Amino acid sequence: SFALSSLTHLLVFAALFPGGLCQYGYEYFTWLAHIMGYSRSPMTSDCPAKCTCPPIFPTAMYCDTRKLKHIPVVPARMRYVYLQNNQIEAVPEGVFDNATSLIWVVLHRNKISSEKIGKGVFSKLKNLKRLYLDHNRLTKISFPLPSSLKQLRLTSNKISKIQPDLFQGLKNLTMLLLNDNQLQDVGGSFEELTSLGLLDLSNNQLTKLPAGLPESLHQVYLDFNHISSIPEEYFQKLPKLQYARISNNHLTDNGIPQNTFNVSNLIELDLSHNKLQTIPPVSTNLENLYLNANRIREFTVDSFCKNTGIMNFSKIQVLRLDGNAIKQDELPPNAHQCLRQARIIDI
């Protein structure tokens, strides 16, 4: 029923985001769970003592936020296992051998180190689609991954290097989160990820953009790194890219070839908090442009519109130029004609 489905989704959300429903008291969910057949205690004989296996969702095992130090035995019927917010230090070889049909393995916010992950512990899970290992103590990813994987979350670890063949065969991966690590150079690690849509490398120590990004890429986040230049025709090789964030880097005019960002597929571009002195040319299709906190001294209409007329204008809706050396009264007369669709222009 609709009510049953809604409750299931609500409890899955609550398991993944324990703070997201804080406006409801714990007692509220205890009561709601009780009348719908849930319980905080095991409901079946094969459910580990410290976990919850609700009959209403028979393929899910909730072991989150239980102060667990070890991964309990997972019943063979399970497809989803939630082990986040514990004190788990290891994912030993064979720990999931009893449940090789797992689809989601959620292990974020634990104390797992790279050395304590079994070599084949995840590659045996041939149906695995989501693996959450963010907010742990990983320094490298030295274990093979199954080709079925669609989402891999490695945010907030201490990863400093990516092995060259790490992502080999991961043709189904659509989301890869590597932000908030210690990566300095990723080379062409992502070339084989032909389905990748979202790549987050923000808040690392990169000095150059990753090479050979797949053409499937839709969103790329590279903010808070040490990037000072962009290779020739870098974004022209990414025909599906719509969102690019390269804020809080060391970009200068000299490091950006002409027309680098003048690509028709881009919708949003964030170049804020860099060292730019001029507005780079962008496509008339661009809708959101963030150039705040740079060193720009002049508003150049040509950066948005080569020709201005009834049919020639920019689709810019949000333009941020605050924190530069431009003044509102210095805008050229034809700026508003070019940017006629703009809702916000901050100077």
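I347 is located in the segment after β13 (344–346); strands such as this are DSSP runs of E of at least two residues, helices are runs of H or I of at least four, and both are numbered from the N terminus. This is a predicted model, in which local features need pLDDT of at least 70 and side-chain atom pairs count only at pLDDT 80 or more, while totals for chains, interfaces and linings use all residues. Residues are numbered from 1 along each chain as its sequence is written, and side-chain values use heavy atoms, with hydrogens and water left out.

I347 counts as partly exposed because its relative accessibility is 27%; buried means under 20% relative accessible area, exposed over 50%, and partly exposed in between (1.4 Å probe, protein chains only). Leaving aside residues up to four places away in sequence, I347 touches L321, D322, I326, K327, Q328 and L331, where contact means heavy atoms within 4.5 Å. A325 is 22 residues from I347 along the chain, and their C-alpha atoms are separated by 8.9 Å.

R66 is found in the loop between β1 (60–62) and β2 (80–82). R66 is buried but has no salt bridge, that is, a side-chain nitrogen of Lys or Arg within 4 Å of a carboxyl oxygen of Asp or Glu. The backbone oxygen of D64, however, lies 2.8 Å from a polar atom of the R66 side chain.

Note on methods
Lys and Arg count as positive and Asp and Glu as negative; His and the chain ends are not counted. A polar contact is a pair of N or O atoms within 3.5 Å; within protein, one must be able to donate a hydrogen and the other to accept it, and residues adjacent in sequence count only if both atoms are side-chain atoms.
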